Amino acid sequence: MAALSSLAALASTGVGLYAQSRSAQQQQATQRAQAEITRQQEAARQQQLTLQQQAEARARGEQVARTVASARARLAGGGLQVDDGSAASVTQGLRADAAAGQADSDALFRARLSSGRASLLNPDATLTSVLRAVPSFGNAVRNLLD
C-alpha cells in the first residue's frame, strides 16, 4: 500500500510538473505576443513623433523664410542694401533664432523618443516555472523515500 501511495504521489507530481510547464509555455507565448504588440506600438509612436517633428521643422522653415523675405522687402523698401550692414544683421539674427528654436525642438524630440523605450529587463518566467516546480518534486522524492 505504501508503494501505491508513493507511486500515486509521483504520478501526481509528474502531472503537476507537466501542467506547470504547459502553463509556463502559455505564459511565454503570451509575453512574446505582448512584447510584439508593445514593439509595434513603440514603432508607431516613434514614427508619429518623427512625422510630427518633420512637419514642425517644415513649418518653422517656411515661417522663417517668410519673415526673412518680409524683413528684406521692408528694408529694401526703405532704401537699404539688404545684404549689407544692419539689414544683414537683422536677417542673420532671424536665421540664428530659427536655428536655436530648431535645436531646442530637436532636443525635445530626442528626449520624447528615448522616454518611451521599453526596458530590456522584462521578466521571462522560464526560471519562475522551474522554481515553482522544485518544491513539488522535492515532496515526491521525500514521499518515495519514506
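Colleague: Which residues form a nonpolar patch on the surface, and what is their accessible area together?

Modeller: Patches are made of residues with over 30% relative accessible area and no salt bridge, where like charges are joined within 9 Å and nonpolar side chains (Val, Leu, Ile, Met, Phe, Trp, Tyr) within 5 Å. A salt bridge is a side-chain nitrogen of Lys or Arg within 4 Å of a carboxyl oxygen of Asp or Glu. In this predicted model, L4, L7 and L10 form such a patch, with about 290 Å² of accessible area together. Accessible areas come from the Shrake-Rupley method with a 1.4 Å probe, and for residues only the protein chains shown count as cover.

Colleague: Where is L7 found, and is L7 buried or exposed?

Modeller: Buried means under 20% relative accessible area, exposed means over 50%, and partly exposed lies in between (1.4 Å probe, protein chains only). L7 belongs to helix α1, residues 2-77, and is exposed, at a relative accessible area of 52%. For the chain as a whole, buried residues make up 16% of the 146 residues.

Colleague: Which conventions apply to the numbering and the confidence limits?

Modeller: Residues are numbered from 1 along each chain as its sequence is written, and side-chain values use heavy atoms, with hydrogens and water left out. As this is a predicted model, local features need pLDDT of at least 70 and side-chain atom pairs count only at pLDDT 80 or more, while totals for chains, interfaces and linings use all residues.

Colleague: How many helices and strands does the chain have?

Modeller: Helices (H or I, at least four residues) and strands (E, at least two) are DSSP runs, numbered from the N terminus. The chain has three helices and zero strands, in the order α-α-α from the N terminus. Helix α2 has 31 residues and reaches 45 Å from its first C-alpha to its last, close to the 45 Å expected; the expected span is 1.5 Å times one less than the number of residues. Among the buried residues of α2 are A88, F109 and L113.

Colleague: What does D83 touch, and where is its place?

Modeller: Contact means heavy atoms within 4.5 Å. D83 sits in the loop between α1 and α2 (85-115) and is exposed, at 54% relative accessibility. Not counting residues up to four places away in sequence, D83 touches R72 and A88. D83 and R72 are eleven residues apart in sequence and 8.6 Å apart in space, C-alpha to C-alpha.

Colleague: How many salt bridges are there, and which residues form them?

Modeller: Side chains of opposite charge can pair when their charged atoms come close. The count comes to two salt bridges. In one, E36 pairs with R39, the closest N and O atoms being 2.5 Å apart; in another, E42 pairs with R45 at 2.9 Å. An α-helix has 3.6 residues a turn, so residues three or four places apart point the same way. E36 and R39 both lie in helix α1, three residues apart, and E42 and R45 are likewise three residues apart in α1. E42 is buried, at 16%, whereas R45 is partly exposed, at 25%.
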